[in-house]
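Please examine the model below with attention to its aromatic rings, its ligand and its backbone angles.

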Amino acid sequence: MTGFDLAQTDHLLTTTRAVRKRLDLDRDVPHEVILDCIRIATQGPAGGNVQKWRWLIVDDPDMKMGIADLYRRAYAPYIAAQRNAVDEVGRTDAGAIMASSDHLAQVLDRVPAMLIPCVLGRPDVTGTQGSLAGWYGSVLPAVWNFMLAARSRGIGTAWTTLHLQYEAEAAELLGIPDTVTQVAMTPIAYYTGDDFKPGTRRPAEEITYLNGWKRQFA
Ligand SMILES: Cc1cc2nc3c(=O)[nH]c(=O)nc-3n(C[C@H](O)[C@H](O)[C@H](O)COP(=O)(O)O)c2cc1C
């Protein structure tokens, strides 16, 4: 007996989706609820337990518009390239993902709040793969913790990185020093509807190897 309700925890873990179309733009998310999620986020692991993360909530309308504008500036060329790529290979789920992504880009300035997780310091991109993996690995699990905590409170999130193409502009807007790194941005909004379904994923047996590259389970 672990004390966990496996059905519940597995349901949380398999149905925490990128929420874009079902973000409720008309319902505020109280700061206290966001803080609760951040408290849970910070139980995430960090190499050496350094905990250099900082959490920036944006709910001022002008600031949200500023971040949304940067996001859209990065989004337009990105989605055009995606459309071309999909036309070439004909992926069946791509249309729905692009429609959902278009929607988020359109309404982003109207979400109740955004969260920009940050790290004190800059990653050493000339360093070893180990140091880079350790650097990002010391914040991204906590961000996912935030999303799981949000989901279990009826709040939708969507991991995004597009505005980071204009990280310096976002930093200027928000007064973030150039010694600090933004690692993502997620909208925060209660979701509409009751539930989500597990996403389509390749079978674990196909993508898991045992004791050597491409040595699959029997
Ligand atoms: C590193 C990373 C960057 C992402 N960037 C964006 C983004 O900029 N905009 C967006 O709409 N979704 C973004 N996503 C969300 C993915 O599109 C989404 O996780 C994926 O399609 C799976 O969706 P699902 O979890 O709902 O099945 C990003 C996800 C990750 C992990």
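Y71, Y75 and Y78 form one aromatic cluster; rings of Phe, Tyr and Trp (its six-membered ring) pair if their centres lie within 6.5 Å, and planes under 30 degrees apart count as stacked, over 60 as edge-to-face and the rest as tilted. The model is predicted, so that local features need pLDDT of at least 70 and side-chain atom pairs count only at pLDDT 80 or more, while totals for chains, interfaces and linings use all residues. Residues are numbered from 1 along each chain as its sequence is written, and side-chain values use heavy atoms, with hydrogens and water left out.

By the ring rule, there are six aromatic pairs. One of them joins W53 and W55 in a tilted arrangement, at 6.3 Å centre to centre and with 50° between the planes. W53 is buried, with a relative accessible area of 5%, and W55 is buried at 18%; buried means under 20% relative accessible area, exposed over 50%, and partly exposed in between (1.4 Å probe, protein chains only). Y191 and F196 form an edge-to-face pair, with 4.8 Å between centres and 80° between planes, and both residues are buried.

F196 also has R22 over its face, at 4.0 Å from the ring centre. Here a charge sits over a ring if NZ of Lys or CZ of Arg is within 6 Å of the ring centre and within 35 degrees of the ring normal. R27 lies likewise over the face of Y190, at 3.7 Å from the ring centre.

Which residues surround the ligand? They are R17, A18, R20, Y71, S101, L104, W159, T160, T161, L162 and R201, each with a heavy atom within 4 Å of the ligand. A side-chain N or O atom of R17 is 3.0 Å from a ligand oxygen, and one of Y71 is 2.7 Å from a ligand nitrogen. L162 places a polar backbone atom 3.3 Å from a ligand oxygen. The protein covers 63% of the 630 Å² of accessible area that the ligand has on its own, by the Shrake-Rupley method with a 1.4 Å probe.

Turning to the backbone, most residues other than glycine have a negative phi. Q51, however, has a positive phi near 50°; this residue is in the loop between α2 (31-41) and β1 (53-58) and is partly exposed, at 37% relative accessible area. Helices (H or I, at least four residues) and strands (E, at least two) are DSSP runs, numbered from the N terminus. N211 has a positive phi near 60°, follows α8 (204-207) and is exposed at 68%.

Note on methods:
Polar contact = N/O pair within 3.5 Å; in protein donor to acceptor, adjacent residues only side chain to side chain.
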